[in-house]
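Let's look at how oppositely charged side chains pair up in a protein. Have the chain in view as you read.

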Amino acid sequence: MENIRIGLVGAGWMGKAHAISFNNAKLLSKEGISSPVFEIVADVIEDNVKTIYKDLNFNRWTTNWEEVVTDEKVDLVDIATPNAFHFEIAKMALENGKHVYCEKPLTLSYEESKILADLAKEKGVVNYVGYNNVLNPANNYVKELIEEGALGEITQFKGMYDQDGLLDPDSPITWRHINKFSGSGALGDLGSHLLSISQYLMGNIEKVNAISKTFITKRPKNVGSKEMAPVENEDVITMIAKYENNALGTISSSRIAAGRKNNLSYEIQGTKGTVYYSLEAMNEVHVYFTDDAIKDRGFRKVFLNTYHNGYSTFQPADGIAIGYNDIKILEAKKVLNAICNNESIITDFKFAEQMDATIKAILNSAKNLSWETV
């Protein structure tokens, strides 16, 4: 295949990030991958779609997404719309035999994600969900430490993802606050990123016990409006978990955490060592090993380097910082390699199905104040 013709659905910030990442993935890739061609872009907002069509040199544009998923010239459908529209678009794309790259979450429910995972398997096409943190070279390094046994038997995962972007009670209601558009609040928007790392590093969660709360129960309908609308989902959620490998976990997420801008952090404790990581210090991993000489024991700071999978795509020398947009490039590169070179994908629709089964159990637990089995 000389070119991979892309049909993009969603011309907002994330859609632009995806398109730019495809271009950069081709430029930075040493593998034999086909060139991405921007065939057609769709968005319901005509001004948005015209802008991205012009700025990123798409061949065509439309305000009807069905034209993208049924277009014979499109090889890959890239979905970058708000959450509520993922299922319908992905389903029709699969039914038309397209490869599908979908921004997270795959859908708003476990049941819908299972339908898509089964359909993708039946069609035999590349299917990828944008849990981009899984491709972070830091998390790949931690994965290697676990699999090599450097941390011993894993006993505990402690993680949080906190932001303060919705702390202001005067900020207006958005689709993120309404369940039919978002599925859930802090859990689906932020916590799902943390859960994807947990699932990748620790394996599946077996049981959960969660509690959640909405602290800002009403928000203005519009900027400066005195008319208020109810908030339907949680601002804060916290849980304890038991993994299938018998490790325990404590996981929390808040979208109203004062002072926290992008605090996705976790600590994994084992019988031979511990590892700690925070996205706010993206290029540093802190590790501790019990087999160090007693006088030398302590957490050491490991900077991302060329020995960490994914890092050398961008930098030829150790310790040079990489950022969020670089991880999106690794995502696009992974999709292209899967199509061209049959490279395996971790965060496929089956991975997302398991993620959404976990989220369903967490939401049920918070609602019923009980232990729930995933």
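This is a predicted model: local features need pLDDT of at least 70, side-chain atom pairs count only at pLDDT 80 or more; totals for chains, interfaces and linings use all residues.

Residues are numbered from 1 along each chain as its sequence is written, and side-chain values use heavy atoms, leaving out hydrogens and water. A search of the whole structure finds 21 salt bridges; the term means a side-chain nitrogen of Lys or Arg within 4 Å of a carboxyl oxygen of Asp or Glu.

**A pair between a strand and a helix**
- Glutamate 103 forms a salt bridge with lysine 328, with 3.0 Å between the closest N and O atoms.
- Because glutamate 103 belongs to strand E5 (residues 99–103) and lysine 328 to helix H9 (residues 324–341), the pair ties together parts 225 residues apart in sequence.
- Helices (H or I, at least four residues) and strands (E, at least two) are DSSP runs, numbered from the N terminus.
- Glutamate 103 is buried at 7% relative accessibility, and lysine 328 is buried at 1%.
- Buried means under 20% relative accessible area, exposed over 50%, and partly exposed in between (1.4 Å probe, protein chains only).

- Lysine 350 and glutamate 353 meet in a salt bridge of 3.2 Å, N to O.
- Both lie in helix H10 (residues 349–368), 3 residues apart, about one turn of the helix.
- Lysine 350 is partly exposed at 48% relative accessibility, whereas glutamate 353 is buried at 7%.
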